Amino acid sequence: MENVPMEAGTRELNPELLARTRKVIAVHINYPSRAAQRGRTPEQPSYFLKPASSLALGSTSNPGTVERPAGCELLGYEGEIALIIGRNARRVSPEDAWGHVEWVTASNDLGVYDLRYADKGSNLRSKGGDGFTPVGPALIPAAAVDPDALRIRTWHNGELVQDDTTGDLLFPFARLVADLSQLLTLEPGDIILTGTPAGASVAVPGDVVEVEVTGRDFSSGRLATAVVEGATPFAAYGAQPKSDDTQREEAYGSREAAGLSPAGAEGAKPGLDPELKKKLESVATATLSSQLRKRGLNNVSIDGLQATRPDRRVVGLARTLRYVPNREDLFKTHGGGFNAQKRAVESVNEGDILVMEARGEKGTGTVGDILALRAQVRGAAAIITDGGVRDYSAVAGLEIPTYFASRHPAVLGRRHVPWDTDITIACGGTTVQPGDIIVADADGILVIPPAIAAELVDECIAQEREEAFIFQMVEQGHSVDGLFPMNAEWRAKYEEWVQDND
């Protein structure tokens with residue numbers, strides 16, 4: 001671990017300062033990215049206590065260690081910004097609250113998911129273990145930074161896994177201090193852990209987790225913690241560690257990250273039936289369109305788009321993303337961090353097609369090379385947007401086909417606010433719902449209601465077989481009169497042809 005020098009204005013966190021701490025208060029959910037990941041957004045902040053004995057002093061030179069208790073599988077890490085109170089706060093207002101914070105630093109809110117079942121929401125056993133709250137290594141003076149302009153980053157074995165800012169927190173830091181002070185006195189040395197962004201996961205023995213807080217010209221330095229295996233088993237008279245797939249999914253952040261198969265009965269939507277997908281891949285959109293029209297569905301094509309891979313035939317289930325017209329105040333709250341655009345990309349599964357509603361507005365990019373690549377890595381079959389694409393050359397060079405209305409170099413905040421995911425949207429003049437079947441080829445893009453897909457594709461296969469016969473007859477010199485469409489005489493000849501070619 002490289003020795004990180006202290007910056008001017010910072011102070012090293014030492015045992016004497018840490019010994020002042022009487023309370024460690026942690027916030028459950030505070031970053032929009034974490035709320036999206038957990039699937040719930042609280043209206044008010046909620047808290048839990050960690051004992052002061054869980055604190056561990058960070059170092060600028062060598063990683064501290066934390067023990068994964070014997071018998072436990074799921075030691076979760078959560079990079080957080082820690083606030084250290086400098087003077088008593090009791091019934092303070094949000095306007096005055098920041099003045100009661102003396103220092104800002106990094107923390108890692110560690111915990112074992114194996115014991116959550118025994119805590120009934122208190123988190124005492126799961127997050128209160130010795131060494132489960134490393135903090136430091138440097139203290140940033142709170143008066144020198146803007147609490148709404150801090151950055152939190154976490155590295156797991158050198159890979160950046162969390163990166164977010166405090167600009168769009170659900171509950172700004174001053175509000176947390178003021179809220180807590182209504183019922184209890186915050187005392188000098190008390191520590192508030194302010195929540196973690198998306199990306200928290202599980203560390204195993206041998207791993208190293210690093211957390212850093214930066215703001216303006218200040219840095220906390222990297223708070224490094226190495227995980228070691230515990231050797232002492234739990235006593236038989238207390239709750240024993242146990243884990244299941246629900247806890248693994250919570251600890252790792254997703255079923256995929258935990259190495260679990262996609263949920264079925266647990267609530268995830270099933271993928272497209274392989275046999276149905278194979279049939280849909282065998283028929284042209286022109287054929288599908290004619291069969292859809294026979295069923296009274298005339299407005300099921302996504303129109304006016306170009307394709308980066310027009311040679312590809314694509315079939316998949318729709319996942320949806322909606323942009324609304326840019327409004328500066330809304331972009332400030334919804335445009336940054338783990339916004340709807342990133343959530344949509346991070347939630348696509350193998351074979352999904354991400355469909356975006358951008359109102360046909362072409363004056364900015366709705367997807368670029370990084371997010372398109374991420375969708376490709378996650379196995380998405382295609383990206384469809386009725387807005388612009390930026391980084392066109394890079395996007396066009398990817399394997400994943402992208403359908404778009406225009407090329408434009410501008411970034412997201414010029415015309416759009418990413419607003420919501422997996423809802424009914426309008427794209428390219430038609431309605432798309434999550435779970436609709438999308439079929440695209442060189443002729444166009446169609447949206448197929450899942451309920452009629454099986455019957456529809458069988459009719460399409462039959463139609464294309466008839467058309468193959470008609471094509472052959474025309475090629476041999478026959479007139480289309482009576483042949484296209486077939487009259488009774490040609491129908492009889494067709495039936496003979498079918499028997500001869502079976």
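Modeller: Below we take a few residues, the cores, a helix pair and a strand in turn.

Colleague: What should I know before we start?
Modeller: This is a predicted model: local features need pLDDT of at least 70, side-chain atom pairs count only at pLDDT 80 or more, and totals for chains, interfaces and linings use all residues. Residues are numbered from 1 along each chain as its sequence is written, and side-chain values use heavy atoms, with hydrogens and water left out.

Colleague: OK. Where is Ile192 found?
Modeller: In strand β13, residues 191-193. Helices (H or I, at least four residues) and strands (E, at least two) are DSSP runs, numbered from the N terminus.

Colleague: Is Ile192 buried or exposed?
Modeller: Buried, with a relative accessible area of 0%. Buried means under 20% relative accessible area, exposed over 50%, and partly exposed in between (1.4 Å probe, protein chains only).

Colleague: Which residues is Ile192 in contact with?
Modeller: Leaving aside neighbours within four places in sequence, Ile192 is in contact with Ile25, Ile81, Ala82, Leu83, Ile85, Val177, Leu180 and Leu186. Contact means heavy atoms within 4.5 Å.

Colleague: How many residues does the largest nonpolar core have?
Modeller: It has 33 residues. Ile81, Leu83, Trp98, Val104, Phe173, Val177 and Leu186 have the most contacts inside it. A nonpolar core is a set of buried Ala, Val, Leu, Ile, Met, Phe, Trp, Tyr and Cys residues joined through side-chain atoms within 4.5 Å.

Colleague: Which elements give two or more residues to this core?
Modeller: They are β2 (24-27), β7 (79-85), β8 (101-108), β11, α5 (173-181) and β15 (208-215). Of these, α5 gives the most, with 6 residues.

Colleague: And what does Phe173 touch?
Modeller: Beyond neighbours within four places in sequence, Phe173 is in contact with Asn30, Ile81, Leu83, Trp98, Pro147, Leu150, Thr166 and Thr194. There is also a second, separate core of 21 residues, which includes Tyr323, Met356, Leu398 and Phe404.

Colleague: New topic, Arg153. Buried or exposed?
Modeller: Arg153 is buried, with a relative accessible area of 18%. Arg153 sits in strand β11 (residues 150-156). Not counting residues up to four places away in sequence, Arg153 touches Leu160, Gln162, Asp163, Glu210, Val211, Glu212 and Thr214.

Colleague: What about Arg378, where is it found?
Modeller: In the loop between α11 (369-377) and β23 (382-385). Arg378 is buried too, with a relative accessible area of 10%. Among its contacts beyond four places in sequence are Glu256, Glu346 and Glu350.

Colleague: Helices next. Which residues in α7 and α13 meet?
Modeller: Leu276, Lys279, Leu280 and Ser282 in α7 meet Ala453, Ala454, Val457, Asp458, Ile461 and Glu464 in α13.

Colleague: Last one, β21. Why is it largely enclosed?
Modeller: Strand β21 (residues 352-357) has 6 of its 6 residues buried, so it is largely enclosed by the rest of the structure. Both faces are covered: Asp352, Leu354 and Met356 are buried on one side, and Ile353, Val355 and Glu357 on the other.

Colleague: Which strands run parallel to β21?
Modeller: Strand β20 (residues 314-325) runs parallel to β21 and is joined to it by 6 bridges. Strand β23 is parallel to β21 as well, with 4 bridges. Two strands pair if DSSP finds at least two bridges between them. Arg322 stands opposite Glu357 in β21, and Val355 has Ile384 in β23 as its bridge partner.
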